[in-house]
Amino acid sequence: MLTGRKYRVYLDGGQEVYAETIAGACRSVWNTGLEQRREYRRRGAWMNYVSQAGELAEAKSEHTWLKDVPGHCLQQTLMDLDKACRRHGTGKVRWRSKARWAPSFRFPEGSRIRVERLNRKWGRAKLPKIGWIRFCWSRPLDGDVKSATVCRKAGRWYLSFLVDDQATTPEHHAGAPVGIDRGVAVAATTSTGDFHDRPFVTGGETKRYKRLQQQLARTKKGSRNRANVRARMNRIMGRVTDRRTDFCAQLASQITTRHNVVALEDLRTRTMTASAAGTLAEPGKQVAQKRGLNRAVLDKGWHRLELALRSAARYTGAKVVLVNPAYTSQTCNACKVVDPKSRKSQAVFACTACGHRAHADVNAAGNILNAAGHAVSACGDLGDARSTKQELPGPREAVPVRPAIPLVGIPSSSCGEDRQNDRRPDHTEERFMRPEPTLATSITHHLHRPKKSPTALRIALGYHLRRLREDAGVDMEKAAEELLVSVSKISRMETGKRTCRAQDVSALLHLYGVPEPDIALVLELVEDSVRPGWWDAYGKSVPTWFEPLVGLEAAADLIRTCEAQLVPGLMQTEDYARGMATLGRLDDAFAERRVALRMERQDRILDDAEGPKLWAVVEETALFRGAFGADVMRAQMAHLRHLCDHPRVTLQVVPFDKVYLEPYVPFTYLRFEEPELPNTVYVEHLKGAKYLDKAEDVNNHLEMLDTLVGTALTHEETRKRLEGAVRYYG
């Protein structure tokens, strides 16, 4: 039997960023696929999964950002979209908004997922391209993994496994049938007279949430303060949702264990909780009262209880049936007379015909149980496209009672309460929505960056020159002939390895047939790309082969580095960096300029609130390589310990007993958000450095980084190891 197992995972800084990237790519594929399907429907044509999967494969050859994420996650997104369109119709499927959709993605191939238990509390799982991730082993896995879903809820990341636990549904259940009335005052009342309810939100949480709502109303849209307030609100509601889920799961287990048939009203919660506001032409009535009722209904989790009952019934053999909810609260369970006046109040039912008195909810639960013989089975048990909540043809008395099919154990992609968002996402706000930006949009983005890097601007300029040349059908020989230069110079211009003169670029753009407004933008980009960088002030103390790294660091959104013998440059103290410069046998003035350069690099990366995230893996040898004296090393270890608390820094130490056995050269991986800037690996050698940007080279180095991360201590364990190193140096 397929079922779900959900665990909380603890991602490192780089893994969290990469998980956001995968989720963003899946969101982009969903929205793009939905837009395509709707456009086809407007033309009277048809688009299905097979066609879109083929176009996705073709898109990967054009858009490198699609290759950076696991391909089967994108294919699974298209499968989910196809299923949603078939079930609900293309026009009713919702867009996935960046602001309201919780990031999630699924790995459908269980054979590529490895799960290991580390100890009593912790386990780890290896996911394709993400590597090993730790999770809290809160329950046994008990089955073979079929798929895995990663999602974020209320600021926390979770990993859900779809497993086959080899269990079978019992053929017989010895219990008695029961009816359940779901209400607002009491969450669930049974026909046996049991009341099940609990508060899901505390008084203090209610006050804090209202105060946060007031703060949210005063914040500016798109600001960091607004994002922080929303995160605090989500944490409160996350706890409320967890309590509601726990209540429904425990209640469902109790009921399905005791009873062989569970009868529920066929309530359409989404329709019942629709707004009563109306329109300008026909405004609604009692809107505030209806809003309060909607809030109370949603707070009790009616639909969540139904799902929990259907899921738990698979293991006990109980059957869940849905009945027509009409008049169940106005009918006397003793004489079957229907009279609205019999419902004296919310809790009191007194029959006007026979005088029978009972609690109103218990009386309604009895009527639900009596109607179970005429029930229509729950939605989804036929396995076809039509809704099984529709009654079968013929008289109601001839309709057989059919049990609801068990709840499929695939984890929900929303990872929380249903998100309702009819607004189409703004395609200009998120890079994943338009992976191939227009020339004007891309250049405008680079020109308005708060901190421009001439190195990154040169690479972006070369990217657009190459793209415009290929779109115009001009080969490199013809472009070189136009400028009276060699082909190699055109190649270096298009790869960003040399600066470009404005007159050369202008001549090429006219050759390519670019409109004058776009030419003006490109020339403005040329002007910015030839301006000196901040590192030029250090003169010859910055080697020419080192300049690209300094320029690219400012434009990256993630920096990953690994070191075997030394502390990474971006994490060195001033005295440690001075000791490194002294080992290079440099004169004092030159060495001080090198140290000042390294300190300014750190300030620009670590002290900038909008700077990139830094993820470093260091072998333990570097911690105890005390070549610069105990005082310097003690201060360096204390500095590393302090960096462990930095919000954008992740540091992991590879202990002595788990050192990576294969030889490797320390390197740095730079990842960029803009599609014009290829992800790059910087490898330093004795007389210079290499910059690798081919996909194969980058992926090979990333695999090595993932292997090192798998053998390294966790972030918390690294912090403790560094505290021990501080004590070691006195």
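The buried residues of helix 2 pack against helix 1 (13–43), helix 3 (64–67) and helix 4 (71–88). Here, buried means under 20% relative accessible area, exposed over 50%, and partly exposed in between, with a 1.4 Å probe and protein chains only. Contact means heavy atoms within 4.5 Å. The model is predicted: local features need pLDDT of at least 70, side-chain atom pairs count only at pLDDT 80 or more, and totals for chains, interfaces and linings use all residues. Residues are numbered from 1 along each chain as its sequence is written, and side-chain values use heavy atoms, without hydrogens and water.

Helix 2 covers residues 49–62. Its 14 residues reach 20 Å from first C-alpha to last, close to the 20 Å expected at 1.5 Å a residue; the expected span is 1.5 Å times one less than the number of residues. Y49, Q52, L56, A59 and K60 are buried in helix 2. These buried residues fall within an arc of 105° seen down the helix axis, so they line one face. The arc is taken from the directions from the helix axis to the C-beta atoms. On the other side, V50, A57, E58, S61 and E62 are exposed. N48 caps the N-terminal end of helix 2, with a side-chain oxygen 3.4 Å from the backbone nitrogen of V50.

The protein as a whole has 22 helices and 20 strands. Helices (H or I, at least four residues) and strands (E, at least two) are DSSP runs, numbered from the N terminus. Of the 730 residues, 48% are buried. Among contacts with a separation of 6 or more, 71% join residues 24 or more positions apart.

How values were computed
Polar contact = N/O pair within 3.5 Å; in protein donor to acceptor, adjacent residues only side chain to side chain.
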